[in-house]
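Biologist: Please take a close look at one part of this model, the packing of its helices against one another. Which residues make the contacts, and how are the helices set relative to each other?

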Amino acid sequence: MRTTTGGPMDRVAERKRAVILARHYREAEGLTIAQIAQRLGRSPATVKGYFYDPSEANKRPSCS
């Protein structure tokens with residue numbers, strides 16, 4: 001039987017795990033982006049992306 005490792009689903013699961021850990025480090029431990037990046041072995045830009053919410057729910061109303 002053939003098993004797949006390192007496939008797209010593994011990457012999705014790993015990203016979800018990293019996001020959960022990053023949120024924990026930020027909220028419970030109060031770490032900076034740089035500290036979280038170091039702990040997770042990711043770049044600070046990647047960690048910032050974990051906190052970005054593209055939904056419209058958190059957008060400020062436009063000034064018109």
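Modeller: A crossing of two helices is called left-handed if the near helix is turned anticlockwise from the far one by less than a right angle, and right-handed if the turn is clockwise. With that convention in hand, and bearing in mind that this is a predicted model, the pair to begin with is H1 and H2, where H1 passes H2 in a right-handed crossing. Helix H1 covers residues 8-27 and helix H2 residues 33-40, and their axes come within 10 Å and cross at roughly 140°. That angle makes H1 oblique to H2, because only angles over 145 degrees count as roughly antiparallel and those of 65 to 115 as roughly perpendicular. On the H1 side the contact is made by Ala18, Leu21, Ala22, Tyr25 and Arg26, and on the H2 side by Ile33, Ile36, Arg39 and Leu40. By residue class, this contact of H1 with H2 holds 7 nonpolar residues, no polar ones and 2 charged ones.

The setting for this pair is a protein chain with 3 helices and 0 strands, which follows the pattern α-α-α when read along the sequence. The remaining helix, H3, spans residues 44-51, and its axis and that of H1 come within 10 Å and cross at roughly 85°. H1 and H3 are therefore roughly perpendicular to each other. Here Arg15, Ala18, Val19, Ala22, Arg23 and Arg26 of H1 meet Gly49, Tyr50 and Phe51 of H3, and the residues of this contact divide into 5 nonpolar, 1 polar and 3 charged. Ala18, Ala22 and Arg26 are named in the contact of H1 with H2 and again in the contact of H1 with H3.

Arg15 is found in helix H1 and, at 43% relative accessibility, counts as partly exposed. Leaving aside residues up to four places away in sequence, Arg15 touches Gly49 and Tyr50. The C-alpha atoms of Arg15 and Tyr50 are separated by 8.7 Å, although the two residues stand 35 residues apart along the chain.

The contact is made by Ile33, Ile36, Ala37 and Leu40 of H2 together with Pro44, Val47, Lys48, Tyr50 and Phe51 of H3, and its residues divide into 8 nonpolar, no polar and 1 charged. Lys48, which lies in helix H3, is exposed, with a relative accessible area of 54%, while also being listed in the contact with H2. Between Lys48 and Ala34, which are 14 residues apart in sequence, the distance in space is 9.4 Å from C-alpha to C-alpha.

As for the chain as a whole, 19% of the 64 residues of the protein chain count as buried. The protein chain exposes about 5500 Å², of which carbon and sulfur atoms supply 53%. Among the contacts in the protein chain with a separation of 6 or more, 30% are accounted for by residues 24 or more positions apart.

Technical notes. Residues numbered from 1 in each chain as written. Predicted model: local features only at pLDDT ≥ 70, side-chain atom pairs only at ≥ 80, totals over all residues. Heavy atoms only, no water. Axes fitted to C-alpha atoms, helices over the stretch in contact; angles between N-to-C directions. Helix = DSSP H or I, 4+ residues; strand = E, 2+ residues; numbered from the N terminus. Parallel < 35°, antiparallel > 145°, perpendicular 65-115°, else oblique. Contact = heavy atoms within 4.5 Å. Nonpolar A, V, L, I, M, F, W, Y, C, P; charged D, E, K, R; others polar. Buried < 20%, exposed > 50% of the residue type's maximum accessible area, 1.4 Å probe, protein only. Areas by Shrake-Rupley, 256 points an atom, 1.4 Å probe, with all protein chains shown as cover.
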